[in-house]
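Here is a briefing on aromatic contacts and nonpolar packing. Please look over the structure first.

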Amino acid sequence: MKSLLTVLFFLCFLTFGNAQKQPLTYYLPDISYDEKVPTPEQILGYQIGENHISHDQLVYYMRALAQASERVTLIETGRSYEGRPLLLLTVTSEKNQKNISDIQAAHVALSDPNDTEKRDLDKMPAVVYAGYSIHGNESSGSNAAPLVAYYLAAGQGKEVEELLSETVILLDPCYNPDGLQRFAGWANSNKGKNLVSDPQSRELNEPWPRGRTNHYWFDLNRDWLPVQHPESRARIRNFHAWKPNVLTDHHEMSPNATFFFQPGVPDRTNPLTPRKNQDLTYEISRYHAAALDKIGSLYYSQESFDDFYYGKGSTYPDINGAVGILFEQASSRGHAQDTEHGLLEFPFTIRNQVTTSFSTFKAAKELKKDLLTYQQNFYRNAQKEAAKAKTKAYVFSAGADKARLYRFTEMLAAHQIDLYRPERNIERNDTQFTPENAVVVPLAQTQNRLIRAMFETSTTFKDSLFYDVSAWTLPLAFDLDYAALEGGYNLGEKLKIEELRNTDLPAYSDYAYLMQRDAYYFPKALNFLQQNGLRTELATEPFTAADGKTYQRGTVLISVQNQDRTPAEVHDLVGQAARKSGVSITAADSGESQAGGYLGSPTFAALSPKKIALLTGSGTNSYDAGEVWHLLDYRMDIPTTLLETSRLGRVDLDRYDVIVMADGSYSGVSEQGKKELKSWVQRGGTIVAMKRAATWLKGIGAANFSVVQKQEADSKGEQRPYVSRNRDYGAEVIGGAIFQTKADLTHPLAFGLSDENLPVFRRGTLFFEPTKNAYATPFKYTDRPLLSGYISKNNLENLKNSAAVIVSGEGRGKVICFADNPNFRAFWYGTNRIFLNAVFFGDLISATER
């Protein structure tokens, strides 16, 4: 009997290999289709749902479809990091296709509040942007895309023809090509002839870093606002080229869930989003409910997720005159999986995504006039709000650092925001904003609400729960000087952003060159010079050169005569460094100084080239590790070894000068690996560790600091409703907020900063005590740290005056511990600088400062 039960238990995890194949009518309406247009199966050689479609197959089919149908045009809008094409299909009636440029121009004009042409909205099509699988391992979306495209391209009959006449559908078949390719390879290569639905199966459990993210392990569904990645930049260009009325964002969630569609939790909608947006979202949701009812699928709405952070696909449209819709399908993760609701098969998940794509199109067609009117009124009302608002503009500057200013203005311009130079000097908050170093963004423009979303701070909220971050004030992330302007300014010429990239090349010198640390891409230039064999030294004290120019701590000296290169070769390399990085490098003809040490002073310390390893793999946070990899490799052109945690006890760590440890539990490190790592530090290595990595190092005796004993919320014996438990626990989470720290500007980790006040981003409730050594806590939270976002009263007390960065160590080595993530989502340019200082200057910190 026992053996029989065992067999039956095993068989319940198996389905026959051909059970996955479903007829086309399982997914699509049973209507006539144009035989000249190929089905997915005719091109791919298998029916959708039998395998996970790879990105190259997806591209191949979409190109074949566009070639076969007059309803479809296809363009390549960009390339991913791995060089995969990003596609956009425009699908509409043949009549509309012949007039598509005029249709596009007229539609975009609805977003211009100054457009005076009277337009007949009844005769204008609605525009829907249908986007799939921004998380690569949530692949039912991209597997649905070929079916949706085929129906639109080949479907015959009155219903399809009316839909295509009344709408323009922009179909983005895969937001994240690299992640989808990674996941499809895993799922297909681990599928057997007989499908296994056991949740413990290898097929259903991807290895680190999984296919969710892009090449550098970023969650692209948090990048709609920061636009730091090529996939996002292409997508935002597409969005603003058309200004769609509805954008869909197709995702997956836990296998034990059902199907979710927005609206999300009503109380968690961003206050800048008009009420009409949520009303329209609800009206559209009724179409989804009816469509899912028809095929017998379970679903829910308004009970989870939210519309607060504008950096997600379902919320970015909400601040741009459109309606964003999140779909979340329970994930089979592979081809089949046993769940609480029974066997969940891949084709079923695809069918739900297809069904809600169609329900969206139907809603857009039938609510067309409401959507077009809303789009028009959104921008007209925003213009009226701007006229009444107290704040008329924002002015900002990055001081001498043109690179940070360029990257910030580049980001704003990607969102169609107009920027200007101030006509004359503006003084605010003891800061002088000049026409040479400052930029003004007036609120009297089309993107008024989006500008407010980027620049405003908030510390009070209706709700204490957030699906994502509660703050993202972008000038704080870039550590810019900025101020709100109520008047007293005039706009100068429109900003020419590319001019911010111009760099003066250094004059020729037979003596030396000086490179200031205040430039963002300083590490890129320094690494280039060092990798080309030039010796460099670091000024640890400020000085005034013979020509009267003042240089701050962190300035790098490149002498000419003690190099293994000729003076002409040194000049050429210094010029290349300036061109590649945009960093200003100055020729010096004398070693004398008017104040401070001479160029031969012992206050200059020799800088050694750095060989860097980043620990990755089991037990590390792939997001945080990816942010480090992207910063070093992509931005700074610094080769970085990715070292698996499981190999720590079997590799030669002496090949590296610096090891970076992103947040994580480091469960993949063996006992031998722990010993090797600690020994390497004792011999003089430098570790830069973040968050839980620091406490892990403390646990193995490689770092020495204390963690704050947190004050917990005291119920005082009060009875609380059981139903409130999740809300009460959630209120103690720091999901993402911005805080003020105070820096010791004389410390090597602060070199290049001009202001002791540095905004930092924090998520999580790990707090460090300041060190007993007075010199080893170079960054501390202030006693009033909250700048923007949500934090509970208890956590605020825990955070006050705690350490943001600690310098510890063991033996001759250094362990630099960050309480937070200084590289968050690639747009925290301000705190990137102290992380990079830790990498390049960490070994120069005196032993007495640990």
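Predicted model: local features only at pLDDT ≥ 70, side-chain atom pairs only at ≥ 80, totals over all residues.

Residues are numbered from 1 along each chain as its sequence is written, and side-chain values use heavy atoms, without hydrogens and water.

**Aromatic pairs**
- The structure holds 45 aromatic pairs (Phe, Tyr or Trp rings, the six-membered one for Trp, with centres within 6.5 Å; planes under 30 degrees apart are stacked, over 60 edge-to-face, the rest tilted).
- Trp 224 and Tyr 316 form a tilted pair, at 6.1 Å centre to centre and 35° between the planes.
- These two residues are 92 residues apart.
- Both Trp 224 and Tyr 316 are buried (under 20% relative accessible area, with exposed over 50% and partly exposed in between; 1.4 Å probe, protein chains only).
- Tyr 310 and Trp 472 pair edge-to-face, because their planes stand at 80°, with centres 6.3 Å apart.

**Charge over a ring**
- The charged end of Arg 235 sits over the ring of Trp 224, 4.2 Å from its centre (CZ of Arg or NZ of Lys within 6 Å of the ring centre and within 35 degrees of the ring normal).

**Nonpolar cores**
- In the largest nonpolar core, of 132 residues, Phe 396, Phe 779 and Phe 835 touch the most other members (buried Ala, Val, Leu, Ile, Met, Phe, Trp, Tyr and Cys joined through side-chain atoms within 4.5 Å).
- Another core, apart from this one, has 61 residues, including Ile 53 and Val 91.

Note on methods. Helix = DSSP H or I, 4+ residues; strand = E, 2+ residues; numbered from the N terminus.
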